[in-house]
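Reader: Hello! Could you walk me through this structure, step by step?

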Amino acid sequence: MFSRLTTWLLGNTLCRENAPVKAHVRYKDVFSIAGIIGMVTLLGLLIHYLGFSDVSVITLYILAVQIIAVRVSGRISNAVVSLLCVAIYNFFFTDPKYTLLAYDPDYPMTFVIMFIVSFLAGSLADRLKRMAGQSERNRYRTQILYDTSQLLNKALVSQEAAEVLGVQLHKLLDRDTVVACIDEEGKIACRYYPDTCRSTFEGQADQDALVWSVRSRAKSGAGTSVYPGARCSYAPLYQGSHTYGAVGVLPGDAGLDEFSESIMSAIISQCELAMENIRSVKDKEEAAMKAQNEKLRADLLRSISHDLRTPLTSISGNASMLMNSEQTFDEATRRQLYTDIYDDSIWLVNLVENLLAISRVQNGTMQLRTTTEVLDDVIDEALRHIDRHVQEHTLTVRKSPDIILAKMDVHLIVQVIINIVNNAVKYTPAGSEIIVSTSQKQNMAYITIQDNGGGIPEEERPHLFEMFYNGSKEVADARKSMGLGLALCKSIVEAHGGSIFEKNVVPHGAAFVFTLPTEELPDGEQKV
Amino acid sequence: MANRKCNILVIEDDPQIRKLMATSLTAEGYGVETAYNGTHGLQALRLGHVDICLLDLGLPDMDGVSIISKVRSFSNLPIIVVSARSEDSDKIGALDAGADDYLTKPFSVEELMARIRVAQRRIAAQIQSGGGNEGNAVFHNGDLTIDYVSGCVYLSGKELQLTPIEYKLLCLLARNEGRVLTHTYITDHIWGNSLDSDVASLRVFMASLRKKIEKDTSHPRYIQTHVGIGYRMMKQ
């Protein structure tokens, strides 16, 4: 019965050994064994001195073997410690004392029983400890699986999902891992976990196996029939008709146990599903975006083709009049015709500038080419390009005394200022005052364009920044605007992380204010 | 300069713009030659009787930057680049390759004439100082005087207190009077490298330098800002 129990215990111990146990003796273990046995022996000598029975001493030694078994794993060390305890007991507590001899004929039997009991007790303690370790590992793996699914849920692009896969697999298996993703151009991009293990996967066989796995959507590499010469094993990542990439793991000398493999494939399929979800969400968003862009483009085209006709008719008409019968007009009329041609072409230039800016509003996000600029310079630049009719108004610039720096796409911001100032010029009677001022409040630059014209009618205010809204007001030159300017200003300013709003001014007039996040002034000489 | 006509070469592939430039330049009394592509333009330039070159960046046969590098290998004549708004980076590339100035389409005729006059002043200054400002110990521009030997700057005879970097900036602009210097060019020469943060510093130094030498910073006399491109010292 004992032998069966022992085999069972030993057999189980062997089966549980996944990783090869390092055979060398560790000094730390030797010290703890010596310490525990020493303490027990001292305690035993005390009990013996006080005249109690030796049976309790034997029990103490069995306890010592158990404690040691918990601290130092291994069948051999357990047997050695059990034998050592028997020997020490013999040495200190049996007559003749301080020898390894025993007079009493009962002692050999006592020693044998003591050895067997302490060995079994030790084995049981060891096994309990291992089981605790095992369940700790199981808990850890479940945790990783749970974490993985949480992280995958949060991933918004498939690169993020791939990153999660790599990090989690590496955490779980503690092996060198590679995750290869197919990017938009169909190229394979690899990320390594840990970052330093690149060389593991650089062999020709490994690279071929990785590519083969991606192309043929099957496992390859070490432990399979395809590229068995590779150091690592590779598994494809795919779902439905779409292949996302592949995963490679270095199995190491001992290979992967069944449990790790099953968890690994669970993580991989989780990741595949996540990538599939991400892709279908993206497809849907793209389709919606496309539809919206199409609509915007159609509106724009309709509006442009309609509005371009007016100035073009005027330009070509005036020019043809001048060509055919220049002599019949008096000087003043001719001058007026030239002016009209010039004004209309400038109107077209401004329109084209706005359209250029709009063409950069792609996919709802602007592609900003930002540089750090001094606000005053930008305002000076913008004011150089405003409507000729500004001469009929009084334009004042009130700059902040401090240098204000802001990161911006300078052409777009110039366009914003031009649009607002041109509006002020267009919608206020000649002789009105226009004030452009700058100020800075808590990391925000404020640019205010204020006029003392008639202000904005209450019913138009909510629609000011809508695209293709052009109000009801009759403009001095009777040309309606396209209703692009302010809508464009709003999207430009918002893309810069600022905001735009308007307010009516007392006693009369309108003010447009937009903000831009400012930059810190760089440390430098100017403070000296 | 005064005793002969200033010859201007227009390299432009668009016939309408070429005609517009030629007509307006002739009307102003300049001698005009035209070329419709880079190869012809270079041939005309090699003959050596051109004083100023107007170069369109979007030519069919050659890249504008390579034309400029080729011209710079044999001539120091002022080159004014003409480009569309969308080619900002090309413009910077052209300036870094050695162009003096740029015009953005659509431009007005007055603007074109103003640029030509700036280039003419540059040529005049060069002839006066016998080939470049580099050899001079003292730089004069309007009320502004830089004494390179003592490292002092005077405005209307009054000495200005400049920090070392402001002084370096001013000297760099003065030595390249009439040329538009790109931000990268300036940061390369002042700091020896061009990080983004240096461009921000450059703005601040330039603003403080301006406060010291300009009477009205909204209408600067000496240092022009070219937003998104760089700066230029104007000849008074």
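**Helices, contacts and burial**

Author: In chain B, helix α6 (residues 164-175) and helix α7 (residues 183-191) pack at an angle of about 130°, with their axes 10 Å apart. Axes here are lines fitted to C-alpha atoms, for helices over the stretch in contact, and angles run from 0 to 180 degrees between N-to-C directions. Helices (H or I, at least four residues) and strands (E, at least two) are DSSP runs, numbered from the N terminus. This is a predicted model, in which local features need pLDDT of at least 70 and side-chain atom pairs count only at pLDDT 80 or more, while totals for chains, interfaces and linings use all residues. Residues are numbered from 1 along each chain as its sequence is written, and chains are lettered from A and ligands numbered from 1 in the order in which they are written.

Reader: What does that angle make α6(B) relative to α7(B)?

Author: Angles under 35 degrees count as roughly parallel, over 145 as roughly antiparallel, 65 to 115 as roughly perpendicular and the rest as oblique. The angle is about 130°, so α6(B) is, relative to α7(B), oblique.

Reader: Which residues of α7(B) make the contact with α6(B)?

Author: Two residues are in contact if their C-beta atoms, placed from the backbone, lie within 7 Å. From α6(B) come Ile165(B), Lys168(B), Leu169(B) and Leu172(B), and from α7(B) come Ile186(B), His189(B) and Ile190(B).

Reader: How many residues of that contact of α6(B) with α7(B) are nonpolar?

Author: Ala, Val, Leu, Ile, Met, Phe, Trp, Tyr, Cys and Pro count as nonpolar, Asp, Glu, Lys and Arg as charged, and the others, Gly among them, as polar. In the contact of α6(B) with α7(B), 1 residue is polar, 1 is charged and the nonpolar ones number 5.

Reader: How do the axes of α2 and α3 of chain B cross, at roughly what angle?

Author: Helix α2 (residues 38-47) of chain B and helix α3 (residues 64-74) of chain B have axes that come within 11 Å. Their angle makes α2(B) roughly parallel to α3(B). The axes cross at roughly 15°.

Reader: Which residues of α3(B) make the contact with α2(B)?

Author: On the α2(B) side are Gly38(B), Gly41(B), Leu42(B) and Leu45(B). The contact divides into 4 nonpolar, 2 polar and 1 charged. On the α3(B) side are Ile67(B), Lys70(B) and Val71(B).

Reader: Is Ala125(A) buried or exposed?

Author: Ala125(A) lies in helix α5 (residues 107-154) of chain A. A residue is buried if 20 or more other C-beta atoms lie within 10 Å of its own, exposed if 12 or fewer, and partly exposed in between, with C-beta atoms placed from the backbone. Ala125(A) has 20 other C-beta atoms within 10 Å, so Ala125(A) is buried.

Reader: Which residues is Ala125(A) in contact with, leaving aside its neighbours within four places in sequence?

Author: Ala125(A) and Ile68(A) are 57 residues apart in sequence but 9.0 Å apart in space, C-alpha to C-alpha. With those sequence neighbours left aside, the contacts of Ala125(A) are Gln66(A), Ala69(A) and Val70(A).

Reader: Which helix gives the largest share of the side of chain B that touches chain A?

Author: The contact takes 23 residues from chain A and 18 residues from chain B. On the chain B side, 9 residues, the largest share, come from helix α8 (residues 196-213) of chain B.
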